[in-house]
Amino acid sequence: DWQCRCCEEGGAEGGEQQPAWSVYAIRTPRTAKKVEQSKVDQGKGGVKGKGGHIMARGRECAKQALSLGHMKTAKECDRIAANTEECGSTFMFSAKHPDWQCRCCTADGADRGPEAPAWDIYTVLAPRPSVFVGVPTLAPPQQPYRGLPVFEGPRPAWLIKEDELVVDARPAGGGGILIIQAVLMDLHSTWGRQTSRPHWLRAILATNKKHAQKHGHAMILRASPSQPQLTKWQWRACGMTDVASCVKENERENFNWEKHLMIAEYLLSPEMFSHVLMLDADAALVHTQHDTLRGIAEILDTKGKSIFLTDEDWLENGAGRINGGLILVRNTKFTKDLFQDTFDAHLKGSARLQQWRIGIDDMECSSNEQICLNDLWSGKGEPIFKPQAMMASGKVYNRGAESGGVQHLGEDSVEVMHWMGGSKASAGTALCGHAFDYTGDRPRGYGCKP
């Protein structure tokens, strides 16, 4: 009942003495060694599989280089692997479970991998570039700040990249609270054209400028996206052709990720801001009496937190779901590390950032920054992220204007109004209304003029 056990080649001599065991020499003639089709591992001959050339059935890579994302077929995986510099000449793919993603082997990582019935290793057939070029960049937009309320005095030295100041009402000496808004010129002209800006956008920016001026904060805009806009994995997925189409396809998500990059950049600024607020460009600080941002900062201090988020509780089933349009963070080592991590994870894509600065291992944050925040809040990142963060009511701090939400403008409980999607057009009329001018610009001023 102890079973029959064979020795490995050369392993019969020098074993321990065991009175109950005996070592036997094999007398039965051995047949020629079979090479099963499922265990071809030298890439010679191989077998034709659906959409590719299988060199080893039922095996994984011994060493994986990258996870290349979700592909429907091995043929798609083949094309992406061929155009990925980090990959060797083989990849693993499961025709039964394409949701397990396409994964390429390292240059020396195809042989002697573990057996795995659902996986096959394929030889890359698509031609590989002789030189792997970098991700392309686009020409910078011409006069991206035309029509925006940019400060007309000297440009402060602490501004990053091409960012521009709207107002700086802080006491001298640095620090204080910074409001950052990205007004990136998209290919659909949502934020206006270079010759004009829509009424709703001007009214929102003027309202936020007034709030910053009244309560002693600084406010800046970014109108030119960081280059390259595309990540390596996005460029590969586009087949490394047609830059303009690839940028357009990924533009919305990449503009949202730009917000995380900006938070990280200004937390690391030598200006040493105490807090940084990222506010979507279609959201306005609308409480006319409260210093909303210092109020939030006090809440963070009281609760011992460093990240202030809001949910979408104004929507049915929206309670507990983060809306990424408002993020206020206290300047700490954790928040500096966090937003570098989230942006780096976006750059990695489905390959996943293996070691986050904040202590998370092997977590993906690729397509959507709001999904990433929700995964940090209640998914894999929860044990590390949640003790540092808090979620407040969107009805108070990030009220959606759609579906009649704009009717709550002016209520004492509403601190921030967010004109998302199709509700944008109502912002100009609401903020420049006859009852009250939230912009402080008067009817012919920047925010309210037709």
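Student: In this predicted model, which residues does Thr90 touch, not counting residues up to four places away in sequence?
Tutor: Thr90 is found in strand β4. Leaving aside residues up to four places away in sequence, the residues that Thr90 touches are Met55, Cys104, Cys105, Ala110, Ile121, Tyr122, Thr123 and Val124.

Student: Does Thr90 count as buried or exposed?
Tutor: The relative accessibility of Thr90 is 6%. A residue under 20% is classed as buried. Thr90 has 6% relative accessibility and therefore counts as buried.

Student: What is the nearest side chain of opposite charge to Asp78, and how many Å away is it?
Tutor: Asp78 is found in helix α1, residues 74-82. The residue is buried yet has no salt bridge. A salt bridge requires a nitrogen and a carboxyl oxygen within 4 Å. For Asp78, the nearest side chain of opposite charge is Arg79, at 8.1 Å.

Student: Which residues does Asp78 touch, not counting residues up to four places away in sequence?
Tutor: Asp78 is one of the buried residues of α1, together with Ala74, Cys77, Ile80, Ala81 and Ala82. Not counting residues up to four places away in sequence, Asp78 touches Phe91, Thr123, Val124, Leu125 and Ala126.

Student: What covers the buried residues of α1?
Tutor: The buried residues of α1 include Ala74, Cys77 and Ile80. Among the elements that cover the buried residues of α1 are β3 (64-69), β4 (90-93), β5 (102-105), β6 (115-123) and α3 (232-237).

Student: Which distant parts of the chain does the pair of Asp120 and Arg57 link?
Tutor: The side chains of Asp120 and Arg57 meet in a salt bridge, with an N to O distance of 3.9 Å. The two residues are 63 residues apart, and the parts that they link are strand β6, which holds Asp120, and strand β2 (residues 52-59), which holds Arg57.

Student: How many Å apart are the closest N and O atoms of Arg321 and Glu312?
Tutor: Arg321 is partly exposed, with a relative accessible area of 35%, whereas Glu312 counts as buried at 8%. Arg321 and Glu312 form a salt bridge, and their closest N and O atoms are separated by 2.7 Å.

Student: How many salt bridges does a search of the whole structure find?
Tutor: Another pair is Lys386 and Glu382, whose side chains meet at 3.8 Å, N to O. Salt bridges that share partners also join Lys161, Asp163, Arg222, Glu258 and Glu265 into one network. Over the whole structure, the number of salt bridges found is 21.

Student: Which helix gives the most to the lining of the largest cavity?
Tutor: The search of the whole structure finds one cavity of 30 Å³ or more, and about 100 Å³ of space lies in the largest cavity. Its lining consists of Thr207, Lys210, His211, Lys214, His215, Leu285, Val286, His287, Thr288 and Tyr438. These residues divide into three nonpolar, five polar and two charged. With five residues, the helix that gives the most to the lining is α2 (residues 199-215).

Student: How many Å apart in space are Lys209 and Pro149, C-alpha to C-alpha?
Tutor: Lys209 has its place in helix α2 and touches Val166, Val167 and Met219, not counting residues up to four places away in sequence. Lys209 and Pro149 are 60 residues apart in sequence, yet their C-alpha to C-alpha separation in space is 8.7 Å.

Student: What is omega for the cis peptide bond that joins Gln227 and Pro228?
Tutor: Pro228 lies in the loop between β9 (218-222) and α3. The bond from Gln227 to Pro228 is cis, and its omega is about -5°.

Student: What is the phi of Asn317?
Tutor: Asn317 is found in the loop between β12 (307-311) and β13 (322-330). Asn317 is exposed, at a relative accessible area of 69%. Although Asn317 is a residue other than glycine, its phi is positive, near 65°.

Definitions and conventions:
Residues numbered from 1 in each chain as written. Predicted model: local features only at pLDDT ≥ 70, side-chain atom pairs only at ≥ 80, totals over all residues. Heavy atoms only, no water. 1 Å grid on protein atoms, 1.4 Å probe; cavity = no way out; pocket = protein on both sides within 12 Å on 5 of 7 lines; lining within 4 Å. Points joined across faces, edges and corners; volume = space filled by probe spheres on them. Helix = DSSP H or I, 4+ residues; strand = E, 2+ residues; numbered from the N terminus. Nonpolar A, V, L, I, M, F, W, Y, C, P; charged D, E, K, R; others polar. Buried < 20%, exposed > 50% of the residue type's maximum accessible area, 1.4 Å probe, protein only. Lys, Arg positive; Asp, Glu negative; His and termini not counted. Contact = heavy atoms within 4.5 Å.
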